[in-house]
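Open the model in your viewer and keep the selection panel at hand.

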2 protein chains.
Amino acid sequence: MRNLGERAKAASQVLATTSTDDKNETLLTTADCLVAATKEILDANLTDIARAQASDTAETVIDRLRLDDARVEAMAEGLRKLVQLPDPVGTITESWTRPNGLEIQKIQVPLGVVAIIYENRPNVTSDAFGLCLKSGNAALLRGSSAAIDSNIAIADALREGIAKVGLPEDILVLVTDTSHQAAIEFMQLREQIDCLIPRGGPSLINSILENATVPYVIDGDGNCHVYVDSAADLGLATSVVVNAKMQRPSVCNAAESLVVHSDVAERFLPQIAQALDGVELVGDDRAQAVVSSIAPATKDDWSAEYLDLKMSVRVVENLDDAIEHVNTHSTGHSEAIITDNQAAAQEFINRVDAAAVLVNTSTRFVDGEEFGFGAEIGISTQKLHARGPMGVEQLTTTKYIVNGQGQTRG
Amino acid sequence: MRNLGERAKAASQVLATTSTDDKNETLLTTADCLVAATKEILDANLTDIARAQASDTAETVIDRLRLDDARVEAMAEGLRKLVQLPDPVGTITESWTRPNGLEIQKIQVPLGVVAIIYENRPNVTSDAFGLCLKSGNAALLRGSSAAIDSNIAIADALREGIAKVGLPEDILVLVTDTSHQAAIEFMQLREQIDCLIPRGGPSLINSILENATVPYVIDGDGNCHVYVDSAADLGLATSVVVNAKMQRPSVCNAAESLVVHSDVAERFLPQIAQALDGVELVGDDRAQAVVSSIAPATKDDWSAEYLDLKMSVRVVENLDDAIEHVNTHSTGHSEAIITDNQAAAQEFINRVDAAAVLVNTSTRFVDGEEFGFGAEIGISTQKLHARGPMGVEQLTTTKYIVNGQGQTRG
């Protein structure tokens, strides 16, 4: 494991001073190599799928694993699109001169080796590599055992493309030992890994918290709320809540909880319950009193990230109670208020503690693509380093350059 | 322990929306309360010192523990100076409008609860509190058992000042249980602590790596190098090396290792050996061949942070070898090159991986005060969140505000 880390680290040192043109050429060439290797990739994918089926894996899980021509082409297109993004490396973000004549610059530099540990979805192998390359980082990847054959085939194609352009192949290193022990060793490569980003569920996150000694950024759960204020446009509220809950329920920026001001509960709840057709609703006593089809919510419901067609409903007395409810149960991802009252909106913005606070729009917009970052490696729910959608910008760090003329400290 | 964390967290929510004026008034009032409590603080300090002496603590350690009128006044002055610093909270760092009309802003907000775990030096209690307050964060502090009486007296004075102005006293919470078990629990207050900054030696850092589940920023060792290039002004090199090594050897930005280009080794080494009067030099064969008083370096010397009047000396064939030596042994803190060759300086800047790279000046300048940040909570040697000196700016995070007019995602 250490050897794999050392290889990525050595390659990262070359990549840190590679020109934007060379990185972009590598993106295009690796995209072509992916498409050219479609047959090998799909054959490998069939092996993964056959193994999953033999072990009675759920069909939804197999679906996330499955590749076809279009999905391989989409991976290649994802790499090509990164060419258009500005290269963050080398940007001088601040510069100033001290009274003693020292000139100080703060410049953006790559992190070095970015490690990603992820479950299923073999496209992450290509997507993560592309974002790392554009930001000048070597990618040290560790996918799941379920997707191992697909991941190897994809990594082989990408490494072929890297070598064609002349960069070190080890700017992409795939860890093929998918044992639990290997995952632990991976999280402890402190000399080699500059940033670890886990992409997976609570058990992976817990394992990181317990075992990792490398710096990491947590891409955590989203228990996202939409609060419908007393001054809300209820038509707008209905379309936003339906979008936030139903447009793609399985993702972290989908809404899981609806909070409604008591002044509008009687008018709004029947209308939204009807609009959320097919969504199982659970709620508190007051919500149930208005809409009889709402089932009782348990204590766990308020903290649940369902990732499914289910939603909890809470009726609150006022804005303060809404904010307290949100801050108590929020995972710090994305929280929305629907209101025409600017003071209420501002209060919600100021006091709700989350990566993104939205006014009169859907939580589903909290996403690297929708924010205009071009692509994202994940959505950080922690406050250090990066908070919210992480694009190439968030895969850099800074370095101070201090230019002197012999100054010494007195 | 959890209860202490909850108290700090509740107070942090009030502080997050406290005005700059109220924070500044609190800084001034707590400064006055510190000075007014000088007698109580010095009495408590005598208790700590008597306990340390009774257990045969080294005099240098006792010296770090010791307070007097001037040191209490210096703590108060540190708080007052923070009033002048700009308040980072609320600054809009970026804003843009998406094609669908969504207006996105990225604003600076406090982290929430900043936890500091520190050894000795009771002034950290006041300094850390001040920086946290200015940046809108509650401070959850855990000092050492050696300084516990001093820390309690200082915290009492500060909390009295906080209450006078009307902020919640719990924006400063001092953990008084100094047991090892309490330290572990402290590092695992994941629901309460937004950022942990350890200030201490390798054993504290290792305990953090092993036990912490909260996000943290490592303020690590400084094995800082000065590389004297073939194109160096040797007079300038001498004064910079002497300053970097001798001006204050016990701190992390002092130089520990001298790397010399072979072309100038015969001229430079005798001159620097004489100038580093009182410094024990250990070196490789080539350095010893030029200056007979240089003792042989062991393998460990190249990685050592002496924090003392000792320095390792390496002679290298060229710039490449110098960069490789530095990158192999660097702790990523501060690395300097002395040269009049701009191309060599640029190559060193580009390829040396450290928080700060300096040209023709002393590593001692890598410091919050010297950078103009007003004060610092530490110097980060990691790449995530903050790298290099950390001032009030680095004690903030960001929040995205998304303003819409009913947009939904298609």
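Select chain A. It holds 15 helices and 16 strands (DSSP runs numbered from the N terminus: helices are H or I with at least four residues, strands are E with at least two). This is a predicted model, where local features need pLDDT of at least 70, side-chain atom pairs count only at pLDDT 80 or more, and totals for chains, interfaces and linings use all residues. Residues are numbered from 1 along each chain as its sequence is written, while chains are lettered from A and ligands numbered from 1 in the order in which they are written.

Stay on chain A and show the C-alpha trace. Along its principal axes the trace spans about 70 × 65 × 40 Å. The radius of gyration is 24 Å, close to the 22 Å of the globule rule for 410 residues, so chain A is as compact as a globular protein of that length. (The radius is taken over C-alpha atoms; the rule is 2.2 Å times the number of residues to the power 0.38.)

Next, colour chain A by domain. Domain 1 is 2–218 + 382–402, and domain 2 is 224–369; the bounds come from an automatic or database domain assignment. Their centres, taken over C-alpha atoms, are 35 Å apart. In chain A, 5 residues of domain 1 contact 5 residues of domain 2 (contact: C-beta atoms, placed from the backbone, within 7 Å).

How does chain B lie on chain A? A turn of 180° with a shift of 0.0 Å along the axis superposes chain B on chain A with an RMSD of 0.0 Å (least squares on the C-alpha atoms of residues with pLDDT of at least 70 in both). That is the relation of a two-fold axis. Select B:His385: its C-alpha is the nearest to the axis in chain B, at 1.7 Å. Both copies use the same surface, and 100% of the contact residues of chain B recur in chain A.

Show the strands. An open sheet of 10 strands with mixed pairing runs S1(A)-S2(A)-S16(A)-S13(B)-S12(B)-S7(B)-S8(B)-S11(B)-S9(B)-S10(B) (strands pair if DSSP finds at least two bridges between them). Its edges are S1 (92–97) of chain A and S10 (295–296) of chain B.

Zoom in on chain B. S8 (residues 255–261) and S11 (residues 310–316) run parallel, joined by 5 bridges. B:Val259 has B:Arg314 in S11(B) as its bridge partner. Finish on helix H11 (residues 262–275) of chain B, which packs on the sheet and touches S7, S8, S9 and S11 of chain B.

Technical notes:
Two residues are in contact if their C-beta atoms, placed from the backbone, lie within 7 Å. Axes are lines fitted to C-alpha atoms, for helices over the stretch in contact, and angles run from 0 to 180 degrees between N-to-C directions.
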